[in-house]
Amino acid sequence: MISETGESNSADRLGNNESVQVIVRCRPLSLKEIEQQHISVVRIYSNRGVIEVENPKAKSDNERSKIFTYDSVYDEKSTQQALYDETIRPLVSSVLEGYNGCVFAYGQTGTGKTYTMEGGEDDDIGVIPRAFDQIWAHISRKTGVEFLVSVRYMEIYMEEIRDLLKVKSTKSHELREMPGEGVVVTNLHSQNCQSARDMLKAMRTGNINRTTGATNMNEHSSRSHAIFQIVIEMVEGQSKSMKVGKLNLVDLAGSERQSKTGATGERLKEATKINKALSSLGNVIYALAENSAHIPYRDSKLTRLLQDSLGGNSKTIMIANVGPASLNYDETIITLRYAYRAKSIKNKPTKNEDIKDGKLLMLQQEIERLKTLISEKSNGIDLNNLDELEEPDDEEVDDTEKEKQLELGKMEVDELAKKLKNLEKQMVHGGKDIVDSVNENELKLEQQKAEIAERKKREVEMQQRIELEEETCTELKQVFASLQQQVDFKRDKLKRLNNKLQSIRQEVKDNHEVYLKDRQEIESANDDAAMNLRQSFLVIDNFVPSEERSRIISLAQFDENLDNWIIRKEPTRMPPSERPIAHNYRRPISDYAIQQGQTNPRYRGENVLDLKLDMPLRTTQDYTPPAICPQVKALVNDVIKKEMENSHVTIKMAPHAVSRMSASKLEQEGKYKQALRSLVDVNSLKATNRPLPPRSAKSAYHLNV
Ligand SMILES: Nc1ncnc2c1ncn2[C@@H]1O[C@H](COP(=O)(O)OP(=O)(O)OP(=O)(O)O)[C@@H](O)[C@H]1O
């Protein structure tokens, strides 16, 4: 039995540092798994935050089961409400105080990530809709505070970002690092919300647009990483600064083995991209857990977007979803190891307060401006009315004129009032519905829930600490009646320690195997990349002129935001400095100049004969043949040698003729042999004085005999 018990996580706070909270949820056996008679190999001990997984293929006691400890664990009977109240509610409360928060669900395909994040209907609703309810319950009770709430919903599908609230948008979405804001997505639609219902509508619209598909393991498998973002701006009273809380709710695509999901074609391509992004997430978690100097956030869009949530300024909860079936033992262990590593990631949550340039502040200023404008305009209309009374001359004409002005003024005020109303609609005044929606009891109930959640957390932490202490203190508590008893006790202890050592060895072995497998994969990816690079260099060396190469190198530039190389636009060449000016309108003049000359005098004196040509930068004489790659040279020489031995014909080959076609390709297509055969034919025809066939002649010419 392997114990991976560690020190309690949430209590481990150093100054501002706060660990990523990790919780594990195990779903019930599915109907399919029951039909196929798979048994459950997972045991959950909620009171201690422990999960035990039995190895169905264990050959020895050491391999029998593995134990992992987390901040909390939830079994197949756990309710959506309990999970939310105990773990997510406190995080959303922090967001409402101006912190950044992130909840992300990770796990194998079909283990309940989407169920946990979105859930079903009524009591079965998941984390995201519950967060909506909590946010709006809070707003409805916060008197004297103005709120501006907006949501964004995006997915990363095949390493491309798609706006789930505006799928038809043709704008591209890039990742940009903004000072004070972290990594943001460009051109993403932000939808203003006035209620929980508005948010729910946005979530549903996005879900319809999300990329899903069926795999062997899940009928409705999410094929993308979905990120639902909530931004809450808050201004208290007459304050000129605001607080901003940001919440990222992430439903990752399933980690999966291609063999198990039965993926082929497009699904296989998707799976490869999903696995690549998830493995970069794993690398980031690993690097953070190991306190590495370099954290590879830039390896994928997913890790760049989660940069603040992992090792950044956010409060983060990772939900690791697992399935209980024996069939999925390996995947379950991988997920649990992943999650275990994430426990040691330290974040530095900071409040986003004292912000002086937010959308809400701008909105408030604009509202104030409109209000003043309306009142000024209204006063202006009254003055007009007064003027009207004071001036008796030309009464009729003046009256209609003033009436018109009055009408116009009123229309302007109406227009401004409409604008004002629209702006005011975007903002939400806290505490508006306090009587209707939240009564004292509801508030108390919520406070009690928070207290219960806190107490449960403490209990789990305490239980974990007690177990750790017990292990070391048992010996001290023992009173040895005799020497024999002491010997027996020590023997027992030795046995226990020996078992522990064996299991740790087994774990090291397992880890080593995983490491070797990972290494093999990396090596083979590396080999592929090196091969591709070599091929590209071969092509460049032999087919791309050196000037062209230098030109491209000088134009190539690494774009930090796109995280890729781009080719800059070439500076436009200066037009020829001298324009041909014909003296005394001498002929001939080009048709174009004649035509243009009718409207544009600049062309009138243009004589094409005087036109100075743009000279090319280099001529064919400046051409230097590229150096032939030694491998190609060796290959060609080898073939020539062999053929010479066979046909006793002496052949000389111009180096640039070889460079035009790779020797291996020549050999492959049999063209080289064919050419040699033709050459032999040419010689024999020459010897008999017969006319040469054109193809043979061409081959002989090409081979430079
Ligand atoms: N805790 C749970 N209780 C009851 N049913 C669950 C639970 N977790 C998951 N399920 C059911 O299991 C099935 C698969 O769940 P879900 O689609 O949420 O998995 P997923 O991890 O999001 O998969 P994928 O990565 O393929 O999108 C669904 O039918 C869901 O209702």
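Student: How many bridges join strand 5 to strand 6, and which way do the two run?
Tutor: 5 bridges join strand 5 to strand 6 (residues 65-69), and the two run antiparallel. Strands here are DSSP runs of E, at least two residues, and helices are runs of H or I, at least four residues, both numbered from the N terminus. Two strands pair if DSSP finds at least two bridges between them.

Student: What kind of model is this?
Tutor: This is a predicted model: local features need pLDDT of at least 70, side-chain atom pairs count only at pLDDT 80 or more, and totals for chains, interfaces and linings use all residues. Residues are numbered from 1 along each chain as its sequence is written.

Student: Back to strand 6. Which residue there is the bridge partner of Val-50?
Tutor: Thr-69.

Student: And how does strand 5 pair with strand 4?
Tutor: In the antiparallel sense, over 4 bridges, with strand 5 covering residues 50-54. Arg-43 stands opposite Glu-52 in strand 5. The hairpin of strand 4 and strand 5 has 4 residues between the strands, and Gly-49 takes a positive phi near 70° there.

Student: Which residues other than glycine have a positive phi?
Tutor: Gln-37 is one of them, with phi near 60°. Asp-122 is another, with phi near 45°.

Student: Where do they sit?
Tutor: Gln-37 is in the loop between helix 1 (31-35) and strand 4 (42-45). Asp-122 lies in the loop between helix 3 (113-117) and helix 4 (127-141).

Student: How many residues of strand 16 are buried?
Tutor: 10 of its 12, so strand 16 (residues 225-236) is mostly covered.

Student: Which strands does strand 16 pair with?
Tutor: Strand 9 (residues 145-157) is joined to strand 16 by 12 bridges, antiparallel. Met-154 stands opposite Ile-227 in strand 16. Strand 17 (residues 243-251) also pairs with strand 16 in the antiparallel sense, over 9 bridges. There, Ile-230 stands opposite Leu-247 in strand 17.

Student: What about the turn between strand 16 and strand 17?
Tutor: The two form a hairpin with 6 residues between them. Gly-237 in the turn has a positive phi of about 50°.

Student: New topic. Which residues touch the most other members of the largest nonpolar core?
Tutor: Val-24, Val-103, Met-318 and Ala-320, out of 88 residues in that core. Helix 7 (residues 265-289) gives the most to this core, with 8 residues. A nonpolar core is a set of buried Ala, Val, Leu, Ile, Met, Phe, Trp, Tyr and Cys residues joined through C-beta atoms within 7 Å.

Student: What does Ala-320 touch?
Tutor: Not counting residues up to four places away in sequence, its contacts include Val-22, Val-24, Tyr-106, Thr-335 and Leu-336. Contact means C-beta atoms, placed from the backbone, within 7 Å.

Student: Which residues of helix 9 are buried?
Tutor: Among them are Thr-335, Leu-336, Tyr-338 and Ala-339.

Student: What span should helix 9 have?
Tutor: 20 Å, because its 14 residues (329-342) count at 1.5 Å a residue. The rule is 1.5 Å times one less than the number of residues. The end C-alpha atoms are 20 Å apart, which agrees.

Notes
Buried ≥ 20, exposed ≤ 12 C-beta atoms within 10 Å, placed from the backbone. Contact = placed C-beta atoms within 7 Å.
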